[in-house]
Amino acid sequence: FLPHLVASMEQVDQTYIMIKPDGVQRGLVGEIISRFEKKGFLLKGLKLFECTKELAEEHYKDLREKPFFPKLIDYITSGPVVCMAWEGVGVVASARKLIGATNPLQAEPGTIRGDLAIQTGSFSEVVFALGLLKPCKESHSYGKLSCRNVVHGSDSPENGLREIELWFKEGELCQWTQIQAPWLRE
Ligand code: GDP
Ligand code: MG
């Protein structure tokens with residue numbers, strides 16, 4: 001029991017964190033990176049990137065059936081994103097806590113979404129569900145009918161690895177040791 005517990009506590013995960021187009025446009029890149037950096041996680045990969053519709057669709061393939069899927073893809077492809085791979089003990093779960101709830105209106109103060117975002121978009125899903133409005137191309141640049149919440153974080157260690165592989169090419173990740181490592185981990 002105990003060795004199993006200790007082993008699970010010490011599991012080193014990797015997570016894919018992405019600053020979404022609203023985070024980049026609003027000048028929040030430094031602020032958001034800083035939260036993960038200060039926590040002590042290890043940065044393995046980092047780039048500013050304009051993603052294709054195909055990549056965005058593959059990344060969010062589990063949400064394909066959702067009513068907001070078209071505008072989610074419009075939103076993610078509406079400007080550059082910052083792609084990051086972070087490593088650490090329990091980094092997937094920790095990063096989700098640092099990021100906060102999906103809906104910024106419900107995200108706790110102290111979290112990235114709680115501190116740095118207000119609403120995903122101006123119109124609720126009900127409007128789309130009732131067919132009163134179709135997701136429209138024109139909306140995408142400012143995310144008016146959008147899914148804005150400034151940042152993405154993988155929801156499981158498996159998805160962390162899957163997403164890092166999807167967004168980074170070979171040779172784009174670094175193997176290195178932080179000078180502070182012995183102060184953070186046994
Ligand atoms: P996350 O893991 O917290 O990012 O949330 P999900 O994986 O469930 O959804 C992916 C992204 O789709 C979210 O970060 C939002 O950008 C968007 N999204 C999810 N649910 C909703 C919703 O109910 N309404 C809108 N407008 N966007 C949503
Ligand atoms: Mg998710």
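Which residues does Lys20 touch, not counting residues up to four places away in sequence? In this predicted model, the list reads Ile76, Val81, Val150, Val151 and His152.

Four strands make up an open sheet, in the order 2-3-1-4, and their pairing is antiparallel. At the edges sit strand 2 (42-49) and strand 4 (151-153), each of which pairs on one side only. On average, and with direction ignored, neighbouring strands of this sheet are turned by 15° against each other.

Strand 1 (residues 12-19) and strand 3 (residues 81-89) run antiparallel and are joined by eight bridges. Along this pairing, Val12 stands opposite Val89, and Thr15 faces Trp86 of strand 3. Strand 1 is also linked to strand 4, again antiparallel, by three bridges; here Ile17 stands opposite Gly153. Because seven of its eight residues are buried, strand 1 is largely enclosed by the rest of the structure.

**Helices on the sheet**

Helix 3 (residues 29-39) lies across strand 1, strand 2, strand 3 and strand 4, and runs at about 170° to strand 1. Helix 6 (residues 91-99) packs on the sheet as well, touching strand 1, strand 3 and strand 4. The direction of helix 6 makes about 35° with that of strand 1.

**Lys20, Val150 and His152**

Now back to the opening residue. Lys20 is found in the loop between strand 1 and helix 2 (21-25). One of the residues that Lys20 touches is His152, which lies in strand 4. The UniProt annotation "active site", from an unreviewed entry, covers His152. Apart from neighbours within four places in sequence, His152 is in contact with Ile17, Met18 and Lys20.

Val150, another residue touched by Lys20, belongs to the loop between helix 8 (125-129) and strand 4. The backbone of Val150 deserves a glance: its phi is near 55°, a positive value in a residue other than glycine.

| Residue | Other C-beta atoms within 10 Å | State |
|---|---|---|
| Lys20 | 26 | buried |
| Val150 | 25 | buried |
| His152 | 22 | buried |
| Thr102 | 11 | exposed |

Why is His152 counted as buried? A residue needs 20 or more other C-beta atoms within 10 Å to be called buried, and His152 has 22, so it qualifies. Thr102 is exposed because it has 11 such atoms, where the limit for exposed residues is 12 or fewer.

**Around ligand 1**

Thr102 also takes us to the ligand. Its place is in the loop between helix 6 and helix 7 (112-116). Of the 11 residues around ligand 1, those that come nearest are Phe68, Leu72, Thr102, Thr120 and Cys147.

Terms used
Residues are numbered from 1 along each chain as its sequence is written. Chains are lettered from A and ligands numbered from 1 in the order in which they are written. This is a predicted model: local features need pLDDT of at least 70, side-chain atom pairs count only at pLDDT 80 or more; totals for chains, interfaces and linings use all residues. A residue is near a molecule or strand if its C-beta atom, placed from the backbone, lies within 6 Å of it. Two strands pair if DSSP finds at least two bridges between them. Helices (H or I, at least four residues) and strands (E, at least two) are DSSP runs, numbered from the N terminus. Axes are lines fitted to C-alpha atoms, for helices over the stretch in contact, and angles run from 0 to 180 degrees between N-to-C directions. Two residues are in contact if their C-beta atoms, placed from the backbone, lie within 7 Å. UniProt positions are given in the numbering used here, feature names are shortened, and annotations may be inferred rather than shown by experiment.
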